[in-house]
Amino acid sequence: MDIFFTVLVFGLLLGGIYGLVSIGLNLIFGVVRIVNFAQGELVMFGMYGGFFAWHWWGINPYLSVFLVAPLVGLLGVAIQRLVIQPLQHEPNMQIFATFGLLMLFQNLMLMVSRGEAYSVGGQVGSTVLTVGDLKLSLVRVVTLVAATLITIGLHLFLARTMTGKAIRAVTQDKRAARAMGINVEKTFLITFGIGAALAGMAGVLLTPIYSITPGVGGNFILAAFAVVVLGGLGSVWGAYLGGLVVGIVEAFAGFYIDPVLRSAVWFVIFLIVLVVKPSGLLGQVGAEEVGFREQH
Amino acid sequence: MTANASAPMLEVRNASKQFGGLRAVDGVSLAVRPGEIVSIIGPNGAGKTTLFNLLTGQLVPTEGEVRYLGEAINALPPHERARRGMGRTFQIAKPLIALNALENVMIGAFLHDANLNVARDRAYAVLERVGMVHLAARRAGELTLSERRRLEVARALALEPKIVLLDEVMAGLNQAEVGIEIDLLRSLHAQGLTFLIIEHNLKVVRAFSERVIVLDRGKLIAEGTADQILNSAAVIEAYLGAGHVGSERAAASDEVRA
Amino acid sequence: MSSIDGGKDLPRPAAAPARPGAPRHEVIATAQRAWLTYLGGMALAFLPFVAFINDAHWLNILALTYLMGGLAASWNIIGGFGGQFSLGHGVFFAIGAYSTAIFVTRWGVSPWLTMIPIAIFAACVAMLISWPTFRLRGPFFAIATLAFNEVAFVLANHAESLTGGPRGLSIPFKAGLANMIFRDRWAYALLMFAFVALVIALCVWLRRSRLGYYLLAVREDEDAARAAGINVLGVKLKGMALSAGLTAIGGTLFTMYLRYIDPPTLFTLPEVGVKFALLSLIGGIGTIWGPLLGAALIVPFENWLRSAYADSLPGLSLAILGLLMVLAALFMKRGVMGVIDDLLKRRRGKGAS
């Protein structure tokens, strides 16, 4: 029972990481309705940003996030405007374009870093909290808390602000939103920007946990797809819950069966959801457009 | 050409289709007999295309039954229905734009013979039948709207169907083009084809229908000959709303008739 | 009388214009023309082989170009003709590679004998894993295939007794035709040429067959395809099976050429699974010659980039390929073949007027 609990908690903390990484992807998926293969690289940029801010100027990642995340957000706006918008009616070409960005970004960082792995050392990364019998890594707890706070924040933003409401309107029905006078293209730009900034934010917050390499985005992208599909497109809380579920399932599968099976876990979740309930746990009606088809 | 009073070729019995809270088709029954021309009319959102999709298999009815050639076919997938002689066109024409007109029709012609030359010859024959041979080499993406519509019909004809379901095949065509299409459809009908068409253009309905069925909000609200339906008050009301000048006069003549 | 349409009849139109169209034999290529073009194209592709017959360095690049051309053309069957962008063809490539290596090293069976059965096996695996995923639309199908690649990578790393795990498998050098191991480079280049010639011949045949036309119809519009009596899922599965089987053969040849395989070599997406798609895109997706053309343009270029800059700028070649992919998706969707096609059309248009 003891071990079960430890694994469960580990899974929850891992789920916090996944939720954090996936929240931006979920927003982009749900609103712009495209599959952004380069999302993991936006997280990677966040990580490098956090690292360089710490390495050159000694800024703590929990502070530099406020600088790095907006920068990654701007990159997101540029990607949407220059690459995604021209291809909005060509889903197959979007695959090539965003995968090309993945390759470009990864290898640019490879050229810059010459293959060295970086890590943010120091006390923060190795601090351990002891709660009863459990030893919890402080940074992972902070990540889970951050994921929760960000989810709440995004939820409030979407529910209470004019921009947020516009985003929700576009998610539900693009044509109706346009008819109501909402500038759909601008909404897409804003959404991609926010989604990218969230990815960058996730990256910075994860710098104390992961070793930073150009390919680190690859750790997350498949899991993020599984999370988004499980949680349901367009649902902020869906991404959060989906992240927790994926984290827990992965932790248990890893412990009781084999740690190697992580990618298999993501994939099985992905397939099961799409076959059994394509709209995911909390998905909105619009989910059918992006990747699923009516039965027959 | 009168429709013979034999067993229906295609029919729906009390069919309904529910999407979440919306009942797009509600308890509709209709039968099309061999050689008939039946039109379905109704205001936007009445469920006409949904009904078509139930007939062709794109959608499965929530309730009720679709029968074709005497068999219940609810579970039969669309491509099987096409193989058994149900041809259809789509409201938004779907030509295969990377292929030329001949190849588009060949796609349908391949159904009966896998040989390229046979399919090509059959496709040419169909193009001649619809008067489009001169466009055989033209890429489908470069055809005008009326040509694309006709190409869809041609592709359906290449299947050698028993019944053709046309979904607003006249939409967006000018009067001259509409006239050409009606001539074509009439000649095809004379050769023995059965038709079930959705039409918004009521002049077309008057010119090319034996029986007319009216749908409104998913329900079948009237059925009769073209003359009966097009002059009926209930139908005018469904289209234009009560209080329309025409509806009062029609109501009066309805009463006289009744 | 009051009626909703005014009750008037439609005016009679004029008769349809009688214009002569293109002569029948030009509308779709005759068998004669299609195969003559094929022979001409392959002769052209053979010229570099003759030119470099004594240059080991260039023979190597040529062999890889032919091989990648064949692999890209195999992908193109389901990706280009069928419009299903699989990013997981690395799985079939690896099945061919590992199976061949295992049969050779463990039981000494000649790769010539195992090549076809392995291809059939890969085709069956392809149909099995594609069947649940073909219901997914474009990008999600791509994600699912990506995930397959990932899972296969993990399995390959894990099943050490079978695949040698991370250390991989290596095949000892024992020259001989029966072993598919050659002392001379030109023999390998010739072998790879035969492979790409076979695949492209199959593509020429496919493009003129019912299955080929049905694949195109499925790509263009699935609903219209169904309405034309096409079993969309069945067609996709057949296309995938053919594509996977040919890819596995490519894997066999690859293994016998390099005589060393390991999971990173076989499953790294930008090198393998995505590369096949990338070459087709650059050359011309959905065309017969596009994949080989793409290989001819990219493989030597990439080879040069890597040898020139591997130390100073690691990752340069992949970064450039990534950029090319983005630019091609934005500005050159139909690849080089598309550009050529447009130029020809413009000249034809000018000539007519």
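User: Hi! Before we start, what does buried or exposed mean here?
Analyst: A residue is buried if 20 or more other C-beta atoms lie within 10 Å of its own, exposed if 12 or fewer, and partly exposed in between, with C-beta atoms placed from the backbone. In chain A, buried residues make up 55% of the 296 residues.

User: Thanks! What kind of model is it, and how is it numbered?
Analyst: This is a predicted model, where local features need pLDDT of at least 70, side-chain atom pairs count only at pLDDT 80 or more, and totals for chains, interfaces and linings use all residues. Residues are numbered from 1 along each chain as its sequence is written, while chains are lettered from A and ligands numbered from 1 in the order in which they are written.

User: What is chain A built from?
Analyst: Chain A has 13 helices and 2 strands; helices (H or I, at least four residues) and strands (E, at least two) are DSSP runs, numbered from the N terminus. The radius of gyration of chain A, taken over C-alpha atoms, is 19 Å, close to the 19 Å from the globule rule for 296 residues, so chain A is as compact as a globular protein of that length. That rule is 2.2 Å times the number of residues to the power 0.38.

User: And what box do its C-alpha atoms fill?
Analyst: Along the principal axes, the C-alpha atoms of chain A fill a box of roughly 55 × 45 × 35 Å.

User: How confident is the predictor about chain A?
Analyst: The pLDDT, which is the predictor's confidence in each residue from 0 to 100, averages 85 in chain A, and 94% of the residues score at least 70. Over residues 285-296 of chain A the pLDDT is below 50.

User: What about chain B?
Analyst: Chain B has a mean pLDDT of 86, and 88% of its residues reach 70 or more. Residues 242-258 of chain B have a pLDDT below 50. Where pLDDT is low, the predicted coordinates should not be read in detail.

User: Now the sheets in chain B. What is the strand order in the one with mixed pairing?
Analyst: The order is β6-β7-β8-β3-β9-β10 in chain B, an open sheet of 6 strands. Two strands pair if DSSP finds at least two bridges between them. The edge strands are β6 (86-88) and β10 (219-225) of chain B.

User: How do β3 and β8 of chain B pair?
Analyst: Strand β3 (residues 37-41) and strand β8 (residues 194-198) of chain B pair in the parallel sense over 4 bridges. S39(B) has I197(B) in β8(B) as its bridge partner.

User: And the sheet with antiparallel pairing? Which strands are at its edges?
Analyst: That open sheet of 4 strands runs β2-β1-β4-β5 in chain B, and the edge strands are β2 (22-32) and β5 (71-72) of chain B. Strand β1 (residues 10-19) of chain B is joined to β2(B) by 7 bridges, with L10(B) opposite V32(B).

User: Last topic: how many residues of chain C are in contact with chain A?
Analyst: 35 residues of chain C are in contact with 37 residues of chain A, where contact means that C-beta atoms, placed from the backbone, lie within 7 Å. The elements giving two or more residues to that side of chain C are α6 (138-158), α13 (273-283) and α15 (316-331) of chain C.

Conventions. Contact = placed C-beta atoms within 7 Å.
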